[in-house]
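Take a look at the model below.

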Amino acid sequence: MTTDAETAVFEEHRPVLMGVAYRMLGRVADAEDVVQEAWLRWSAADRAGVREPPAYLVRITTRLAIDRLRQVKARGEAYVGPWLPEPYVTDFGDTVPDTEERAVLADSVSLAVLVVLESLSPLERAVFVLREAFGYPYAEIATMLDRGEPAVRQLAGRARRHVDERRPRYDVDPAQRRDLTERFLAAAAEGDLAGLMDLLAPDVRLVGDSGGKSQAPLRILESADNVGRFLVAVGGKSVPDMSFRFLELNGGPAVLVLSGGTPDSVFQVDVSAGRISSVYVLRNPDKLRSLASA
């Protein structure tokens, strides 16, 4: 039997649990399933013996996410074209007033970082998320994962080196990203190649994720010329009853393109040295369902 007070405890910590699960899995539906399973475990637990409910809930969620991630990796499912995480609505609002902490959380949920996290082992990913995104002490992470603290420190160091070596460098100024996103959208919609070339870094990359279920590049496009010409070409193909909406997704501004009110695609850019260094285009309809009510 779960009391109102115990339900309130779980709901208070639900955003953190969802944040942990999503960073572990990169899939909104899977993260929601994990959090729901954590709720069932919490409801059935002997809570009289739980001295620190937040740590207990994070431990359950993390272990469930590790199990889910191992299942996904064991299936070894083939994916058509480049893979991107499912877009995740982030609105830290007043819950994270500190600018530095907000920047860390935003970076840890960015598309660029989540793509790199896919190449970590489930345990490495768990340690990285708990340490780098949420700042848990090594000793507490060791307890959560039932590992020794030296082993956890080793996992953390290996994961951090791996991520630092592979993730693209970008600026996190949200105002600059919003400005360049708006200018990028206008130039692409108008088929303005010269305008796009002014915005794109020479070595810009475009990553399109369709899962083979809609039109998007089946390989990563590189260079301003290739990316610019592709955007001009697709910009001329209008989406029926098209409209746009700006959202904060994965810690940064993004554009949701709708067709007749239904999500059609998501565009997001990374910025480095005042130019667009990466363009992400999500068109897999399975990954856009959660944005229907965003």
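Contact here means heavy atoms within 4.5 Å. The model is a predicted one.

Start with helix H3, residues 53-75. The expected span is 1.5 Å times one less than the number of residues. For the 23 residues of H3 that gives 33 Å, and the end C-alpha atoms are 33 Å apart, so the two values agree.

Next, the buried side of the story. Buried means under 20% relative accessible area. In H3, the buried residues are Ala55, Tyr56, Leu57, Val58, Ile60, Thr61, Thr62, Leu64, Ala65, Ile66, Leu69 and Val72. They pack against four helices: H1 (4-25), H2 (28-44), H6 (122-133) and H7.

Is Thr62 buried or exposed? Its relative accessibility is 0%, so Thr62 counts as buried. What does Thr62 touch, leaving aside its neighbours within four places in sequence? The contacts are Val20, Ala126, Leu130 and Leu145. Leu123 lies 61 residues from Thr62 along the chain, yet their C-alpha atoms are separated by 9.6 Å. One of its polar atoms lies 2.8 Å from the backbone oxygen of Val58.

Thr90 is in the loop between H3 and helix H4 (99-108). At 5% relative accessibility, Thr90 is under the 20% cut-off and therefore counts as buried. Neighbours within four places aside, Thr90 is in contact with Val109, Glu248, Leu249, Asn250 and Gly251. Tyr22 is 68 residues away along the chain from Thr90, and the C-alpha atoms of the two are separated by 11 Å.

Finally, turn to H7, one of the helices that the buried residues of H3 pack against. H7 covers residues 138-145, and helix H8 covers residues 149-166. How do these two helices cross? Their axes come within 9 Å, at roughly 105 degrees. Angles of 65 to 115 degrees count as roughly perpendicular, so H7 is roughly perpendicular to H8. From H7, the residues that meet H8 are Tyr138, Ala139, Ile141 and Ala142. Their counterparts in H8 are Glu149, Val152, Arg153, Ala156 and Arg160. By class, this contact has 6 nonpolar and 3 charged residues, with no polar ones.

Notes: Residues numbered from 1 in each chain as written. Predicted model: local features only at pLDDT ≥ 70, side-chain atom pairs only at ≥ 80, totals over all residues. Heavy atoms only, no water. Axes fitted to C-alpha atoms, helices over the stretch in contact; angles between N-to-C directions. Parallel < 35°, antiparallel > 145°, perpendicular 65-115°, else oblique. Nonpolar A, V, L, I, M, F, W, Y, C, P; charged D, E, K, R; others polar. Buried < 20%, exposed > 50% of the residue type's maximum accessible area, 1.4 Å probe, protein only. Polar contact = N/O pair within 3.5 Å; in protein donor to acceptor, adjacent residues only side chain to side chain.
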